[in-house]
Amino acid sequence: MTLYVKSSKFIIPKSNFTFFLFSSIKRSVFYNAMNNNGNCSGTGIFNKVGCFDKNPLLDSDIRRLISKKIEGNGCLSCLIYDSYLLVSVLSSIRCRPSVALRLFRWVEGQKGFKYSEFSYCTILDILIKNGWMKSAYWVVERVINCDVNSVVDLLIDGYLNLNVTVEVLNLFLRIYTKKNENVEQYLLVFELMLRNEMLPDVRNCNRILRNLRDRNLEAKAREVYRMMGEFGIKSTIVTYNTMLGTFCREGEVQQALDLLSEMQRRECHPNDVTYNILINGLSKKGELDHARGLIGEMLNKGLKVSAHTYNPLIYGYCVKGMVVEALGLGEEMEVRGASHTVSTYNTFIYALCQQGRASEARHWFSVMLKKNLVPDIISYNTLIYGYCRLGDVNEAFSLLHDLRSVNLFPTVITYNTIMDGLCRKGDLENAKQLKEEMMRCGISPDVFTYTILVRGSCKAGNLPMAKELFDEMLQRGLEPDFFAYTTRIAGVVRLGHLLNAFKLQEEMSAKGFPPNIIIYNVFVDGIAKLGNLEEATELLHKMVGDGLMPDHITYTSVIHAYLEFGNLKKARELFDEMISKDISPTVVTYTVLIHAHAGKGKLELAYMYFLEMQQKSILPDVITYNAMINGLCKYRRINEAYSYFSEMKARGIIPNKYTYTILINENCDLGSWQEVLRLFKEMLDNGIQPDSCTYSAMLKNLGRDYKSHSIEYLDFILLSDEGDEGQANTKVYAAYQIAQKSIAG
């Protein structure tokens, strides 16, 4: 008898195993109940017709009993290796999802478990039909992690009923898009569903669109959106907003506006996010008036505007140099109840620094602090850039100290910016020391670091140092990029070492950077500045033979060189050739022409170019106005010079130190001392720091003895007020008044 019992475990057919196992469980449940209740009434474990009741005990009791079987009876090990048996067992307890899940988890976690698409589909069928969606989500994650891709094929082939299949496939889409790792996989599931007349949930479609947009796969996003419409999946506001973002990212703003019209026709009302996306897209394209009109449309619809609405438009104005308009928009923003953010202030600071107005930028930095906004590293880096651009490296170092004091950490951009400022001042040694300090702080120099130092070395005429730094970059495992090579070549060309420059260009080509328009422009500009004008012109025409079209930079470089060497006629011929080839001149092209002609007294031609550029919608900048004012002052037409001075201010173009120095110089020559003082005071009041040229212009007509005494006094004032620049300038102004009174006396 004992032998029979032991051997019976091995002679039970698989078809009867389920019955054997669960009969055993039922008996355990029955005797457990009898022991507790002492009876087997119709209200107990069995119902009145003698069937096992649907809910005889709590699921937790049954899970506990199965756990005992798992731990104490080896018969369940068959389920690990036999997927068909597991399917049969799971199917027999489908009304007990918790028990089925408990069993499946145990089996799936055992060593040697045989992964089967049938067992996964069966447990998913049980869970979804019983509304256990969170557990079904976990099972699908396991399918994906275990790479059992055949589950999708089995579902598509109709293994489960249609409703369950759609639910499961939607879970696949949801998890695939959440992970956002395998684009092809979720696109395949999406397409299989549509081809088999199963509609994916629109929320999953939106997730697909968003992922494709974020991966810059705009073409695929368009195709998914097209298929949604073709198969009747109704787009939501999220769908439209995602596609609007996709179109705007591509620069296809008109398509975005067409989509806005489409969503309105379909009675899907745009929200604030819709308008913010469009305003951002239009601002990036430079269509600022249209973007501003959309803000008005938002307000008319009662939608809430925010920093997300205004910041892109403010940035758009700043990029175009329209700082007055940007600041005005900032005021409107606050009136409309949209608070400025750190990003708003950073944009103001950057725009002002770009125009050399670091003092005004510093004001906005202070305003940010007063409003309890915390400047970030971008705020500090931008201000540092502004001061370095003006050559005020000391203030840049002061800001470096300040940012550390508020527990911000300088980045490689911070150090690179200051190094660039030092190199521009010719202080290569301190720039190199700053690189060493940066490395001691654990910040590794990048390609831009070395490019800055190489350019500084070339500018200083120190080619051995440039080569040493370039080689150091290679030794550190940094691959020179296109700009690193171009910078070095430009420096070598500038020093007239053309043979070395061409060798570098060959090395650059070997590294995968073939000659392009930029490299040609570097050679053309360098050769032209060396006075080899015919060779520069030949190179300009050789470009065409090499399949490259000269651009406005190429022509402007050669035109500028001819103008510098006094050949205005040849410069005009090249300008006409440029126009005939439909190459649009820029503000720089017109400015060099205006400067040269005005400087030679050909004021009518200068005025002609000044008008022509505006007729072509090319706006003059401060340098253009300075060129006109300088030419007019040089030929004693100061009244006309003042008319240009007034015009530029009326246009919101801020005069710089050169504008004031030109007018101060001319008024000194005319003996208009009161006007000199007025201009100097206005210059200081506007936060524009005079330089040595300004002081030279003011003092040039003083007698030798007066000049000597004035310079000594100015030196004394400046040395005694090093810590207070504003006070020093006030005393300089006073000293100048004293000097003039001495002359009068």
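The buried residues of helix α21 pack against α19 (323-335), α20 (342-354) and α22 (377-389); contact here means heavy atoms within 4.5 Å, and buried means under 20% relative accessible area with a 1.4 Å probe, protein chains only. The model is predicted, so that local features need pLDDT of at least 70 and side-chain atom pairs count only at pLDDT 80 or more, while totals for chains, interfaces and linings use all residues. Residues are numbered from 1 along each chain as its sequence is written, and side-chain values use heavy atoms, with hydrogens and water left out.

Helix α21 spans residues 358-370. Its 13 residues reach 19 Å from first to last C-alpha, close to the 18 Å expected at 1.5 Å a residue, where the expected span is 1.5 Å times one less than the number of residues. Buried in α21 are Ala-358, Ala-361, Trp-364, Phe-365, Val-367 and Met-368. They lie on the same side of α21 because they cover an arc of only 165 degrees around the axis, taken from the directions from the helix axis to the C-beta atoms. Just after α21, Asn-372 adopts a positive phi of about 60 degrees.

Helix α22 in turn packs with α24 (residues 412-424) at an angle of about 5 degrees, their axes 9 Å apart. This makes α22 roughly parallel to α24, a term for angles under 35 degrees. On the α22 side, Ile-377, Asn-381, Ile-384, Tyr-385 and Cys-388 meet Ile-413, Thr-414, Thr-417, Ile-418 and Gly-421 of α24.

The chain as a whole has 42 helices and 0 strands, as DSSP runs of H or I with at least four residues and of E with at least two. Buried residues account for 47% of its 745 residues.

Terms used. Buried < 20%, exposed > 50% of the residue type's maximum accessible area, 1.4 Å probe, protein only. Axes fitted to C-alpha atoms, helices over the stretch in contact; angles between N-to-C directions. Parallel < 35°, antiparallel > 145°, perpendicular 65-115°, else oblique.
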